Amino acid sequence: MDKAKKGLNTICTHTGSLKDKEFKGAVSPLYMSSSYAFEDVDKKRYPRYFNTPNQEALGKKIAALEHAEAALIFGSGMAAISTSLMAFLKSGDHVVLQRELYGGTSNLISEEFERFGIAYTFAEGMQISDFEKEIRPNTKVIYIETPSNPLLAITDLRGIAQIAQEHGIISMIDNTFASPVNQNPIDFGIDIVIHSATKYMGGHSDICAGAVAASTAYIERIFGLAKNLGGSLSDYTVWLLERSIKTMGIRVKVQNENAQKMAEYLYTHKDVKAVYYPGLPSHPGHNLAKSQMKGFGGMLSFELIETLDASRFQKTLQLIKASMSLAGIESTVLSPSKTSHALLSEEERKQQGINDGLIRFSLGIEELDDLITDIEQALEQVRNKKQIANL
Ligand SMILES: *Cc1c(COP(=O)(O)O)cnc(C)c1O
């Protein structure tokens with residue numbers, strides 16, 4: 001039976017599981033060995049070769065989830081991103097990037113690329129023409145992230161895949177925000193799909209990992225560099241990640257629902273100035289998102305009206321934690337201008353539309369009513385503080 005034909009939750013639960021032949025246990029056995037006897041000469045199993053039994057098994061699950069031929073598991077999302085980019089770039093090459101990128105990816109590019117002689121250009125806008133006009137004869141990679149962090153802007157997957165194919169360029173996407181539950185870029189012709197598995201795949205805020213899914217040929221090329229850079233993931237964490245992914249489909253579905261309802265709630269709220277969520281018809285990328293996503297995701301961002309203090313609001317929340325990271329089953333908020341995008345200049349943040357009052361909201365799986373109660377009590381306190389200050 002064709003594994004890719006199975007439904008999402010069946011893949012999450014079963015694909016790539018290892019059989020416990022000895023005891024018939026329900027879950028994959030965990031093979032912690034870093035040394036394996038030479039049973040056949042072709043296969044030298046070793047953790048840094050990304051080919052221990054648990055690494056290979058989880059690779060099959062993630063490949064199936066992303067409709068890819070193969071996948072590799074890394075020690076972090078950044079290990080997956082840096083290794084994938086560097087596998088296709090050398091001195092003298094050029095890469096076209098989406099302007100709005102994950103902060104760590106921006107840092108990798110701005111802090112490391114120059115000394116490797118790799119040139120790069122950011123597309124000015126989100127239209128395909130904005131990307132296409134930056135393509136040069138030496139452009140090798142076009143790199144995108146959709147929905148983007150933190151404004152949830154949507155990039156046209158079909159359009160990017162098409163210009164990449166026309167110009168003979170590799171297309172790469174950071175698919176972390178969508179997760180494989182909501183978006184499968186390979187179906188639209190994107191070549192390489194990268195995840196910070198620290199986020200929705202892990203989902204419980206207790207794993208740091210990354211993954212890359214692509215054709216066998218591209219995965220072999222990435223593996224060629226990966227084994228030299230050495231960013232593999234320990235088998236224990238691989239095993240935990242396999243367990244986490246079993247519930248990813250149902251977790252993300254609840255997170256989608258919570259985010260949609262929360263976005264609608266905030267959108268009409270008198271204390272809220274703006275809401276960015278692709279599931280809202282008012283979002284500029286709504287129709288595009290509808291055409292390429294199966295769900296709009298669990299992330300949104302919003303701005304309070306100017307007279308309310310956004311930092312105080314976040315500190316006053318009780319159930320919802322102001323914290324780093326995202327995509328866990330617990331709801332979290334943060335200020336991009338003070339965290340993920342703190343290294344950008346004020347000018348760069350303005351250019352990207354990231355105001356100081358912007359709050360990024362990662363919806364968990366809690367009951368929506370409890371989240372709303374928490375927001376209301378925090379707003380109440382922030383409003384009262386303001387009144388006291390005005391006296
Ligand atoms: C967190 C994140 C990363 C980096 O992943 P790590 O696992 O922290 O290395 C990359 N891209 C996006 C969109 C992320 O949210």
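**Ligand shell and aromatic pairs**

Student: How far does a backbone N or O atom of Gly77 lie from an oxygen atom of the ligand?

Tutor: In this predicted model, the distance from a backbone N or O atom of Gly77 to an oxygen atom of the ligand is 2.8 Å. For Met78, a backbone N or O atom also lies 2.8 Å from a ligand oxygen atom.

Student: And where is the polar side-chain atom of Thr198?

Tutor: That atom of Thr198 is 2.6 Å from an oxygen atom of the ligand. On its own, the ligand has 380 Å² of accessible area, and the protein covers 92% of it.

Student: How many residues surround the ligand?

Tutor: There are 14, and the closest are Gly77, Met78, Asp174, Thr198 and Lys199. Helix 3 (residues 77–87) gives the largest share of the shell, three residues. By type, the shell holds six nonpolar, five polar and three charged residues.

Student: Changing topic: how many aromatic pairs are there in the whole structure?

Tutor: The search finds nine.

Student: Is Phe50 buried or exposed?

Tutor: Phe50 counts as buried because its relative accessibility is 6%, under the 20% limit. Phe223, at 25%, is partly exposed.

Student: What lies over the face of Phe223?

Tutor: Lys227 does, at 5.7 Å from the ring centre.

Technical notes: Residues numbered from 1 in each chain as written. Predicted model: local features only at pLDDT ≥ 70, side-chain atom pairs only at ≥ 80, totals over all residues. Heavy atoms only, no water. Phe/Tyr/Trp six-rings, centres within 6.5 Å; stacked < 30°, edge-to-face > 60°. Buried < 20%, exposed > 50% of the residue type's maximum accessible area, 1.4 Å probe, protein only. Lys NZ or Arg CZ within 6 Å of the ring centre and 35° of its normal. Near = heavy atom within 4 Å. Polar contact = N/O pair within 3.5 Å; in protein donor to acceptor, adjacent residues only side chain to side chain. Areas by Shrake-Rupley, 256 points an atom, 1.4 Å probe, with all protein chains shown as cover. Helix = DSSP H or I, 4+ residues; strand = E, 2+ residues; numbered from the N terminus. Nonpolar A, V, L, I, M, F, W, Y, C, P; charged D, E, K, R; others polar.
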